[in-house]
Amino acid sequence: MGKALIIGAGGVASVAVHKCVQNSEVFEEICIASRTKSKCDDLKAKLDGGKTKITTAQVDADNVDELIALINEVKPDIVMNLALPYQDLTIMDACLATKTNYMDTANYEPEDTAKFEYKWQWDYKERFEKAGITALLGSGFDPGVTGVFSAYALKHYFDEIEYIDILDCNGGDHGYPFATNFNPEINIREVSANGRYWEKGEWIETQPMEIKRVYDFKEVGEKDMYLLYHEELESLAKNMPGLKRIRFFMTFGQSYLTHLKALENVGMTSIEPIEYEGKQIIPLQFLKAVLPDPASLGPRTVGKTNIGCIFKGKKDGQDKTYYVYNICDHQECFKEVGSQAISYTTGVPAMIGAAMVMTGKWNKPGVYNVEEFNPDPFMEELNKWGLPWVEDFNPVLVDELPEEAKESELVR
Ligand code: NDP
């Protein structure tokens, strides 16, 4: 069917590459390009020999001219941006210049301010429309599958969705006192920020980890979960008509939070550059260098993830609730593609999103979030490519849970 240029060769890209190779009918050819070419070559060495032709290249995705030259050489049908959020705009610029479709899994973030916003990327809408190319934003799990779940719920089960709670549970244990499951810098910037949720047209800010609940997750058990800001809240608040409130909760163990707080207290999570022995260093980037590489967690992580959305709304004038979620087993993922479930649950929807655009099912010039497309073909592909979903029409709602005492000073 076509050719994809994959930028990045980290945890998520590695899974996406495995999945593209499995889906060789769509991905006849892929080029893996990243800052460190040896990582691309390692992936190629692992996966070469199948039906998908694999090439590799070195690229600095912060440099638009380099990207344009590479796209002109490879001539892909789509660029899959699986590098970091900092590279979103340079890659979108290169796609515009070469009239090539674009997709990513995380919204743009300037390197010097921890600020998650779609504004920068939504601003490209008219230019993508005029160029006749599609930009698909946030095609990972969350954002990504959570948006597809929302579109699917609205299409099939509700006249109006009033409340959405997104619940992201990682019941995995890697055996380290502290490590992050994906890029530590991005992960820590996300969880040390203030919490925020959207209600009746307004954003309500909370302290980091201020709102806590205990939820009993299917196949995982009871876990502490905390209200966080997460980027799909912004697009879903805009794209789901009639919505009254949307929140996002993620589970964290006490050990993770205690370590994070200590690191914060000593200044190690700061993104302000400091001078050290005549050199400017950013403490959070230094911390990343001493933490375990997320890719190394795969063989040691056991347990499951359970991520999904609980909806409450109306159908034919009646109240209705609906919970749809996916359960993913860390060790099963490792057996299949050599990565743990966090990379797996992001890499699979990245491949599916690119396939949706390449096969014309989700082709619409402009810049769109996943929930703005027909969810049905994507939902089918989730079942086919390793992320089957489960439905529950009588779930326990977050609002029915007792409010937990706020965490000790440790997390404040
Ligand atoms: P990693 O750090 O493992 O990988 C990032 C890759 O990007 C590395 O190969 C890195 O190269 C490469 N890269 C970084 N900067 C550049 C550059 N300037 N030019 C070229 N390549 C570059 O991250 P993950 O795989 O864990 O995450 C990838 C993306 O997925 C992130 O944007 C993250 O936010 C997102 N994500 C989304 C989720 C979702 O559910 N939507 C969940 C988890 C992650 P090098 O090897 O040289 O460092």
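1. Contacts first: among contacts in the protein chain with a separation of 6 or more, 72% join residues 24 or more positions apart. Please keep in mind that this is a predicted model.

2. On overall form, the radius of gyration of the protein chain is 21 Å, which agrees with the value near 22 Å that a compact globule of 412 residues would have. Along the principal axes, the C-alpha atoms occupy a box of roughly 65 × 60 × 40 Å.

3. For secondary structure, the protein chain holds 14 helices and 18 strands.

4. As for burial and surface, 57% of the 412 residues are buried. The protein chain exposes about 16900 Å², and 48% of that area comes from carbon and sulfur atoms.

5. If you plan to look at charges, the protein chain carries 65 negative and 43 positive side chains. The centres of these two sets are 2 Å apart.

6. Now to one residue, T206, which belongs to strand β9 (residues 202-206). Is T206 buried or exposed? Its relative accessible area is 5%, and buried means under 20%, so T206 counts as buried.

7. Which residues surround T206 once its neighbours within four places in sequence are set aside? T206 is in contact with N194, G195, R196 and Y197, and also with I211 and L227. For G195, eleven residues from T206 along the chain, the C-alpha atoms of the pair are separated by 4.7 Å.

Conventions
Residues are numbered from 1 along each chain as its sequence is written. This is a predicted model: local features need pLDDT of at least 70, side-chain atom pairs count only at pLDDT 80 or more; totals for chains, interfaces and linings use all residues. Side-chain values use heavy atoms; hydrogens and water are left out. Helices (H or I, at least four residues) and strands (E, at least two) are DSSP runs, numbered from the N terminus. The radius of gyration is taken over C-alpha atoms; the globule rule is 2.2 Å times the number of residues to the power 0.38. Buried means under 20% relative accessible area, exposed over 50%, partly exposed in between (1.4 Å probe, protein chains only). Contact means heavy atoms within 4.5 Å. Accessible areas come from the Shrake-Rupley method with a 1.4 Å probe; for residues, only the protein chains shown count as cover. Lys and Arg count as positive and Asp and Glu as negative; His and the chain ends are not counted. The place of a charge is taken as NZ of Lys, CZ of Arg, CG of Asp or CD of Glu.
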